[in-house]
Amino acid sequence: MRIIADACSIILLAKASVLEALLDWRDISVPREVYGEVIEGKEKKHYDALLTERLVKDKKMHITDIKNKRSLKRFEESYGLGKGEAEVLAGYLEGKFQGLLTDNKQGRKTAKIYNIHPLGSPDVIMGLFKAKRLNKEKAMNALHTLRKYGWFENSLIEYALVEVNNG
Amino acid sequence: MAETKFFGARIDPKEFEIIEKVSKEKKVDRTSAIRILIDRGWKGLQLENAMEDYRDGKISLDKAARKAGLTVHEMMNEAAARGITTEEGIEDLRNGIKILLGS
């Protein structure tokens, strides 16, 4: 399965220490603009930026160039998306990917308008756990990290924690 | 330094006190203290405007980050600190897992 991802998800999954497990399981690409958004953190020595740079150098994560400039413009102008998020949506619509990974509120909303079901970081952690790519302890730790960060509704993380615990 | 402009302004004693405090804390003259306050205040205002647009669903986080002059990473921290969530629900999570597992 090929998945195109945005900067928020790459940053969150790196923080939760599950990005490499995801790359071993699924083929992950980021548009060039998204790569730039993540790598920006390198100056401040952000872990996610340094890790992403290494993963791209090691060819574990791929950079994709978006050809459909017209849909890019549409996403930027009509839906208020930044360049990176617009590239994720436009890239998905080029038909090479089976999954769109975004934890960006506006990106998720726009995806749903186009009948695309967006994947989120909690979905990835749960998917990895259910596919036996993460053990219970690592999945719980990753979910606790997401909760601590405060990016998701607490009820969602609680639900996922119970699922993993019963898993 | 670039060309400077002169203008006079009336401020109340409380605001003057703030300038004095910054001047003392940063060990700079009043003019430099005013510059610091304008710079910080402007950045704060840009961040609040960008955050409001993101919270209201008008723009995406990366666009908000650009608007505020921050990186995506920094903007995520700011949004999380204000309790702004992605609004992903349990049904979204269930569907996402199904897609990932290819079922």
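Q: What makes E1(A) and E4(A) count as paired strands?
A: Strands E1 and E4 of chain A pair in the parallel sense over three bridges. Pairing takes at least two bridges, so they qualify. One spot to look at is Ile4(A), which stands opposite Leu100(A) in E4(A). Keep in mind that this is a predicted model.

Q: How do you know that strand E1 and strand E2 of chain A pair?
A: Count the bridges again: E1(A), residues 2–5, and E2(A), residues 27–31, share three of them, in the parallel sense. The cut-off is at least two bridges, so this is a pair. In E2(A), Asp27(A) is the bridge partner of Arg2(A), and Ile28(A) is the bridge partner of Ile3(A).

Q: Why are strand E3 and strand E4 of chain A said to stand at the edges?
A: Start with the order of the four strands in this open, parallel sheet of chain A, which is E3-E2-E1-E4. E3(A), residues 62–64, and E4(A), residues 99–101, each have a single partner strand, so one side of each is left without a neighbour in the sheet. From one strand to the next, the twist averages 35 degrees.

Q: Why is Trp42(B) called exposed?
A: Trp42(B) has 11 C-beta neighbours inside 10 Å. You'll find Trp42(B) in helix H2 of chain B. Trp42(B) lies 18 residues from Ser60(B) in sequence, and their C-alpha atoms are 21 Å apart in space.

Q: What makes Gly36(A) partly exposed?
A: Gly36(A) has 15 other C-beta atoms within 10 Å. Gly36(A) is part of helix H3 of chain A. Its C-alpha atom is separated by 9.4 Å from that of Ala49(A), 13 residues apart along the chain.

Q: Why is H3(B) described as largely enclosed by the rest of the structure?
A: Because six of its eight residues are buried. The buried residues of H3(B) are Leu61(B), Asp62(B), Lys63(B), Ala64(B), Ala65(B) and Ala68(B). The cover comes from both chains: it includes helices H1 (7–15), H3 (32–39) and H6 (83–93) of chain A, along with H2 (30–55) and H4 of chain B. After H3(B) comes Gly69(B), with a positive phi near 70 degrees.

Q: How do you know that chain B touches chain A, and which parts of chain B do the touching?
A: 29 residues of chain B are in contact with 40 residues of chain A. For each contact, the C-beta atoms lie within 7 Å. On the chain B side, helices H3 (61–68), H4 (72–81) and H5 (90–101) each supply at least two residues. H5(B) gives the largest share, nine residues. Sorted by class, that side of chain B has 11 nonpolar, 11 polar and seven charged residues.

Q: What makes domain 1 and domain 2 of chain A neighbours in contact?
A: First, the bounds: the domain assignment of chain A gives domain 1 as 2–120 and domain 2 as 122–166. Their centres, taken over C-alpha atoms, are 21 Å apart. Still, 12 residues of domain 1 of chain A are in contact with 13 residues of domain 2 of chain A. H1(A) and H2(A), residues 19–25, each supply at least two residues on the domain 1 side. That side of domain 1 has eight nonpolar, two polar and two charged residues.

Q: Which residues have the most contacts inside the largest nonpolar core?
A: Val18(A) and Ile125(A), in a core of 69 residues. To belong, a residue must be buried and of a nonpolar kind, and be joined to the set through C-beta atoms within 7 Å. H1(A) provides the largest share, seven residues, and the core draws at least three residues from each of domain 1 and domain 2 of chain A. Leaving out residues up to four places away in sequence, Ile125(A) touches Ala16(A), Val18(A), Leu134(A), Ala139(A), Ala142(A), Leu143(A) and Ala160(A). In soluble globular proteins, nonpolar side chains tend to be buried together.

Methods: Residues are numbered from 1 along each chain as its sequence is written. Chains are lettered from A and ligands numbered from 1 in the order in which they are written. This is a predicted model: local features need pLDDT of at least 70, side-chain atom pairs count only at pLDDT 80 or more; totals for chains, interfaces and linings use all residues. Axes are lines fitted to C-alpha atoms, for helices over the stretch in contact, and angles run from 0 to 180 degrees between N-to-C directions. Two residues are in contact if their C-beta atoms, placed from the backbone, lie within 7 Å. Ala, Val, Leu, Ile, Met, Phe, Trp, Tyr, Cys and Pro count as nonpolar, Asp, Glu, Lys and Arg as charged, and the others, Gly among them, as polar. A residue is buried if 20 or more other C-beta atoms lie within 10 Å of its own, exposed if 12 or fewer, and partly exposed in between; C-beta atoms are placed from the backbone. Domain bounds come from an automatic or database domain assignment.
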